[in-house]
Structure formats: C-alpha cells, structure tokens
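Work through the exercises below with the sequence and the model at hand. Each task is followed by a worked solution.

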Amino acid sequence: MTFWGKILGSMAGFAMGGPFGAMMGAALGHAADQGALPGARGIPPNAADMVQLLGGKENLFSFAVVVLAAKLAKVDGPVKRAEIDTFRQMFRVPEEGLRDVGRLFDQAREEADGWEPFAAKLGEAFADNKAMLEDVLAAFVRIARADGPVTKSEGD
C-alpha cells in the first residue's frame, strides 16, 4: 500500500504552510508514492527523506520517533496497550497532536519492516547530539520492555 508519501507529505506541508502547505506536501507525497521523484523506489526510505526535506530536523525527529516506536512495538507480535502507554509516557505528545500521532503510529505499526531509513536519518540529523540520541534509545528500550522481556527481534 503506497500511502506514506501522501500522509507524510501532507502532514509536513501543513506544519510548514497550513492548508496550502498540506496540499503541496500531499502532491509531492503522491509523486513519491508513484515513483515520480528521483530515487523513489521504496516508500519508507523516501518517506524519511521527504520528511527531512519538507520539515527539517524537528519534523524528522517527530516522525522518526513515532515510526520507530511503532515498528519496535510491532516487531515481537501484536502491539500491546502497555507499549502504547509507555510511548505516550516517554514522548509527551501535546493534546492537539494526539490524533495525528495516533494515526501515524497506527499506520507505521501495520508492519515491522521499513524502520532502517528512519533510524539512519535520525542518526544523521542528530549526530552532533549524542545525548539526545541516547535518550531516545533509552525510551525505545522501555517501550520494548513494556510487554515483557526484550525479545531477540526487539534487540536486533
């Protein structure tokens, strides 16, 4: 299902330019979904690239953390309520953003694959802030432990 480009493009566009930005972002996202952008083969890598391109470091951080947490929760089986609650505790999402973050989390957790580009972009963008990356990693460990011991699939 090729929806990542449209979703991420419209959300990043809205954050940058309101409704008009959302339309432009959705159009760019649609082009990425259809493979019309250079290098647009697999949607997950392009989604990470597109978020960084359209929204800068702040949006990249937000999107990457949500996607990575959702995929981490999914990798050991069905996502449990404890994992969602731990995510919400570790990454306090403002009330006005809960619905959008919830939708992104739900879409990202449909399958555990496709996390690598988000981790790579997050690491590249914040290479100068190792402490912040360590805090994110510690939060991910807590999410992995929320439903029991960390499994091999969660540790990989």
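**Exercise 1. State what share of the chain is buried, and describe the overall make-up of the chain.**

Step 1. In this predicted model, 41% of the 156 residues of the chain count as buried.

Step 2. The accessible surface of the chain is about 8,600 Å², and carbon and sulfur atoms account for 59% of that area.

Step 3. Assigning secondary structure gives seven helices and zero strands. Read from the N terminus, the order of elements is α-α-α-α-α-α-α.

Step 4. Take the contacts between residues at least 6 apart in sequence: 71% of them join residues at least 24 apart.

**Exercise 2. Check the length of helix α6 against its residue count, then work out how its buried and exposed residues are arranged.**

Step 1. Helix α6 covers residues 130–145, which is 16 residues. The expected span is 1.5 Å times one less than the number of residues, so α6 should span 22 Å. The C-alpha atoms at its ends are 23 Å apart, in agreement with that value.

Step 2. List the residues of α6 under 20% relative accessible area, the cut-off for buried: Met132, Val136, Ala139, Phe140, Ile143 and Ala144. These residues cover an arc of only 145° around the axis, so they sit on the same side of α6.

Step 3. Residues three or four places apart in an α-helix point the same way, because there are 3.6 residues a turn.

Step 4. Now take the face of α6 turned away from the buried side. The exposed residues there are Lys130, Glu134, Asp135, Leu137 and Arg145.

**Exercise 3. Find the aromatic pairs and trace the ring cluster that they form.**

Step 1. Rings pair if their centres lie within 6.5 Å. The count comes to four aromatic pairs.

Step 2. One of them is Phe87 with Phe91, at 5.5 Å centre to centre and 40° between the planes, a tilted pair. Phe87 and Phe91 are both buried.

Step 3. Phe91 also pairs with Phe140; this pair is tilted too, with 6.1 Å between centres and 55° between planes. The pair links distant parts of the chain, 49 residues apart: Phe91 lies in the loop between α3 (81–90) and α4 (98–108), and Phe140 lies in helix α6. Phe140 is buried, as is Phe91.

Step 4. Taken together, ring pairs link Phe87, Phe91, Phe105 and Phe140 into a cluster.

Technical notes
Residues numbered from 1 in each chain as written. Predicted model: local features only at pLDDT ≥ 70, side-chain atom pairs only at ≥ 80, totals over all residues. Heavy atoms only, no water. Helix = DSSP H or I, 4+ residues; strand = E, 2+ residues; numbered from the N terminus. Buried < 20%, exposed > 50% of the residue type's maximum accessible area, 1.4 Å probe, protein only. Arc of directions from axis to C-beta. Phe/Tyr/Trp six-rings, centres within 6.5 Å; stacked < 30°, edge-to-face > 60°. Contact = heavy atoms within 4.5 Å. Areas by Shrake-Rupley, 256 points an atom, 1.4 Å probe, with all protein chains shown as cover.
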